[in-house]
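Reader: I am new to this. Could you show me how to read a few features?

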Amino acid sequence: MKLKKQVTMCGGAIFCVAVFSLYLMLDRVQHDPARRQNGGGNFPRSQISVLQNRIEQLEQLLEENHQIISHIKDSVLELTDTGAVSPSGQLPFRSANGSWILPFDGRPTFLSVKPQDCQFAQGRRGQTDLQMLDIYSLLKFDNVDGGVWKQGFEILYEPGEWDNEPLQVFVVPHSHNDPGWIKTFDKYYTDQTQHIFNNMLVKLTEDPRRKFIWSEISFFAKWWESADMHKQEAMRKLILGGQLEMVTGGWVMTDEANVHYFAMIDQLIEGHQWLEKNVGVTPRSGWAVDPFGHSATMSYLLKRANLTSMLIQRVHYSIKKHFASSRSLEFMWRQSWDQDSGTDIFCHMMPFYSYDVPHTCGPDPKICCQFDFKRLPGGRVNCPWKVPPRAVVEANVAERAHLLLDQYRKKSKLFRSKVVLIPLGDDFRYDKALEWDQQYLNYQRLFDYMNSHPEMHVQAQFGTLTEYFTAVYKANGVPQGARPPEYPVLSGDFFAYADREDHYWSGYYTSRPFYKSMDRVLESHLRGAEILFSLAVAHARHVGMEGRYPTSDYTLLTDARRTVALFQHHDAITGTAKENVVIDYGNRLLRSLHGLKRVIINAAHFLVMKNKDVYRFYQTEPFLETDDMRATQDSLPQRTLIELDQSGPRYLVLFNPVEQDRLCVVTVLVNSARVRVLTEDGQSLPVQLSAQWSSASQMSAEGFQASFMVRLPALGLAVFHLYDSADTPMTLRSETLLRLSGQGQTAHAVDPLPLRSQTADPQPFYISTQSLTLGFSGTTGLLESIHRKDDPQEVKVQIQFVTYGTRSSKDKSGAYLFLPDGKAKPYSQKEPLVVRVVEGPLFSEVVALYQHFQQTICIHNVPGVDGLSLDVTTMVDIRDQSNKELAMRLVTDIQNDDTFYTDLNGFQMQPRRHFLKLPLQANFYPMPSQAYIQDSQLRLTLHSAQALGVTSLESGQLEVILDRRLMQDDNRGLGQGLKDNKKTANRFRLLLERRSTGNKVVDSGPTSFPSLLSHMTSAILNHEVLALPVLPKKRGIPPLHTFAPLTGALPCDFHVLNLRSIQHQQDTHSPSPYTALILHRKGLDCGLETPNPGFNCTTTEGQLGLSSLFRNLDLQLLQPVSLSLMYSSPPLANDSSVSLEPMEISAFRLKLR
């Protein structure tokens, strides 16, 4: 550290001398008497040449000076090269106003965002024909009876319309298989799905005209693995021959509301990689008939994976009717931030109520049901409209064919081409050989009749989804995937979904929040494990130790990928499966979480070894412990206790999964109050010692929380030493005050931590750091105000808790639906309130302990990102409630009127409006990662570590539903309420930002972007530091060192979405030499004040050099690939830079060693 200071001072001195000499030279040029005598007129030639010489000398001096500065910079960088520079060993002290001043490591950090990187957010967007927010403003959302098509209108046509161009009909048989819903994934497979595949092999082979489509690769892979080679070959032949089409090709048909884009991409890669390896086929068309609303992120990802067309179904019935009436059900779906048409993908929206047979042949379900031949009399399913199907025979074929054609024609009138798509299927259909015969034989008779009667002007056949789309493009005379003439362009999304009346599917945005949270923990672990595993294997290859590294951990990665992928299914993360199925998902999530912790530990072990020669891996003897443990699938994690003793240090490895250096507070659990923390180079760090609590007012004697400030390298591992040592001035104890409101409440302290208690009074109280001062209500103990240090006044930000009930009438809230009994009521506390106020040099927090929740608001006294937002944890337990939903409401003076912003899948922001013409429940939207409100002065963002439902019902408000307990089914097929609530930790970061002067323009229009600080806040919330203690060894611990994988800082608008080892073509249990790097360049709003982020932050107009990005590794291949890695472009030169546009996600195949 001293050497660093000396170099810096020396460098500064040289710099000053150089600048001063430059100044003297300039001064001499200015005061040159030869120049004076010309009276400022023309220079004589001799003087011009003197001046040229002087300018050249000056340039040379500048160049030398630049080299000196660079040399100094390099010297300083060499000293800090490991990236794990510790804050200095000075003591924290209290300022005059009582707030703690923290010694900082003095390492300069800078922020340099290029103006060009800010222009994207302000840029003009091309106008789209259909902007969903405008359509919402336009529609009445009335529910007029449309006749046989209840939610539509009467469709009329002229008999001669098809005389010149016959109607082309593609009947597309399909079977929708949920990987878990009423039954578990395995039970569905055993009972139904395996029979569908076995029958498919036989029945499609019987007639080459028969077609089928399949979507869920999770089921297909399970069947394939148990099938013999002959069956596999027969199935491959059906696929490659075009009789069976794989549509979308994801591991599941993903939910689109609650899922994060990391997992959406990962499940798509998992399905596509499986198909490529086992079948050799690439999906062309997307098929999403059952997700409960549709996100624009999905259309972007399919486009980036090189699909050309897609289909959606569950859209609000009023929007379907509006699109049908203007023949806009087929459109080019464009991202709202796209400045041209690069993100366009052709999309087909199904027009009617459902994807089942009664609602797919045409507008009249009573007629369509008669053509679902599984419902022939004598079967287990019948037609609710009381007219059963009749088998097609010669005597009735003419009448049956004309009746069906009438429906086909009416349906085709809602579209712009004379090609019509008729899906033929439903949930778990075609599981019996009889149904294959019933459907295929009867329909073939109808087709044969239609096609042999030219006066009917129809060509009908079985088809696949892509065959339908191909026919549409051909009819319009355009290439695959291109925009047909006059077809509209749409931007926006399709939330919230209502299938009838005021039945809005906005409850599932929150249902079972425990698992929504666990999913994101698993995703963060998966990403971290992928990155560390890829780096560890590459480094092992680099030093010729591939044989000694446990590459078999790849099977654990594969298992976790598939578990995460399975949980993105639209009845899993949504919280809409039966209780026993939820337990099955939970057990899978927990098993994979344990597996990923093992992968992380094994990779970290190898990477932190200073001398790789002494590296030994023992399967039964892990080198590191996990940071925490979950006893069961439905329990909260417990921190690992680090046992300190006098015999020597315990080592701690910290993993930073974020791609930027990170300055933050880390907390570990230790058994001794006499804890000392040292950096790798032996510097002592200030430690804040705090209590564990066994009850609201009682400290626990089981251990102490030790918090310390660290700077961690990007995507790297840093090593710290923990000692049990005599009292040290560097260990500072938290001061705790209990504010008690009831009689007879007593406080119990644990030595040596100080604890005071007092009777609460209504006066507000405050906690503060160097960046923030928070005000709390003396009565409720909840947040009242935020005062940022540079602001003239405090800002009202009140937190309130409210509850919703459900209707007393027949239709009640359930797992899917939110049907409240009116506006929310304030939460009422029955028991005396306890509020804990903890203050110290590194963090201060207020914990308000209510009967059904406890809220902790913590602020970190750290420069940069970690210290600029409020860490909010709300522990919720409503297991004794009945038909209640608990919500947290933020109340401010921000004048956002009726506009608020929610994210789509953690990828992009979507403006929303609160519409009074819609019922309360229609104004709720998914919030996978953030929501904000803003006016010309301020923006308040609620960042979330789990998906929940959010709204803004009044100007200045933001409200999020935390949990829901519902005692009945809501008639959507589940057959259960939501009664299996858990104690759930909902984690947030609350960020208040001020618009910079001259940037008062508030987003209007279809786009909005988070600030750089907001993006970083989301990253630290979603990717927590993992604290991994090194297990004590009898032989002693070999020397360890910091692992900093990157040679320099990544541009801070780049996010490393994944560094994913690609599977080996032959050996599925080990990785190939190739790795997929998936990058996302974020869109930025630079109009908000940007404080120092605490790390070096620069942007580069989207340029990134990959050849020297990874320290001590050689890049031997750099090849751009499609998002799911199926399509490859020619490799780039290894020293090429890659370039990404704002918002672009791109993938590259790398060979690192």
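Reader: Is Trp337 buried or exposed?
Author: First, a caution: this is a predicted model. Buried means under 20% relative accessible area. Trp337 has a relative accessible area of 6%, so Trp337 is buried.

Reader: How do I read a pair of aromatic rings?
Author: Use the distance of the centres and the angle of the planes. The structure holds 64 aromatic pairs. Take Tyr300 and Trp337: their ring centres are 5.4 Å apart and their planes stand at 70°. Planes over 60 degrees apart count as edge-to-face, so this pair is edge-to-face.

Reader: Which parts does the pair of Tyr300 and Trp337 tie together?
Author: Tyr300 belongs to helix H10 (residues 296-304). Trp337 is in the loop between strand S10 (330-333) and strand S11 (345-349). The pair therefore ties together parts that are 37 residues apart in sequence. Tyr300 is buried, at 3% relative accessible area.

Reader: What are the distance and the angle for Phe818 and Phe924?
Author: Centre to centre, 5.3 Å; between the planes, 90°. That pair is edge-to-face. Phe818 sits in the loop between strand S31 (795-804) and strand S32 (825-826). Phe924 sits in the loop between strand S39 (908-913) and strand S40 (925-927). So parts 106 residues apart in sequence are tied together. Phe818 is buried at 2% relative accessible area, and Phe924 is buried at 1%.

Reader: Which residues do ring pairs link into a cluster?
Author: Among them are Phe212, Phe371, Trp436 and Phe462.

Reader: Where does the charged end of Lys222 sit?
Author: Over the ring of Tyr189, 5.4 Å from its centre. Arg416 lies over the face of Tyr487, 5.9 Å from the ring centre.

Reader: Now sheets. How do strands pair?
Author: Through backbone hydrogen bonds, either parallel or antiparallel. Here, 5 strands form an open sheet with antiparallel pairing, in the order S21-S20-S24-S18-S46. S21 (684-685) and S46 (1026-1029) are at the edges with a single partner strand each, so one side of each has no neighbour in the sheet. Helix H18 (residues 579-608) packs on the sheet and touches S18 (650-655), S24 (717-724) and S46. The direction of H18 makes about 90° with that of S24.

Reader: How many residues of strand S53 are buried?
Author: 7 of the 8 (residues 1145-1152), so S53 is largely enclosed by the rest of the structure. Strand S48 (residues 1071-1081) pairs with S53 in the antiparallel sense over 7 bridges. There, Leu1077 stands opposite Phe1148. Strand S51 (residues 1115-1121) also pairs with S53 in the antiparallel sense, over 6 bridges. Val1121 stands opposite Ala1147 in S53.

How values were computed
Residues numbered from 1 in each chain as written. Predicted model: local features only at pLDDT ≥ 70, side-chain atom pairs only at ≥ 80, totals over all residues. Heavy atoms only, no water. Buried < 20%, exposed > 50% of the residue type's maximum accessible area, 1.4 Å probe, protein only. Helix = DSSP H or I, 4+ residues; strand = E, 2+ residues; numbered from the N terminus. Pairing = 2+ DSSP bridges. Contact = heavy atoms within 4.5 Å. Axes fitted to C-alpha atoms, helices over the stretch in contact; angles between N-to-C directions. Phe/Tyr/Trp six-rings, centres within 6.5 Å; stacked < 30°, edge-to-face > 60°. Lys NZ or Arg CZ within 6 Å of the ring centre and 35° of its normal.
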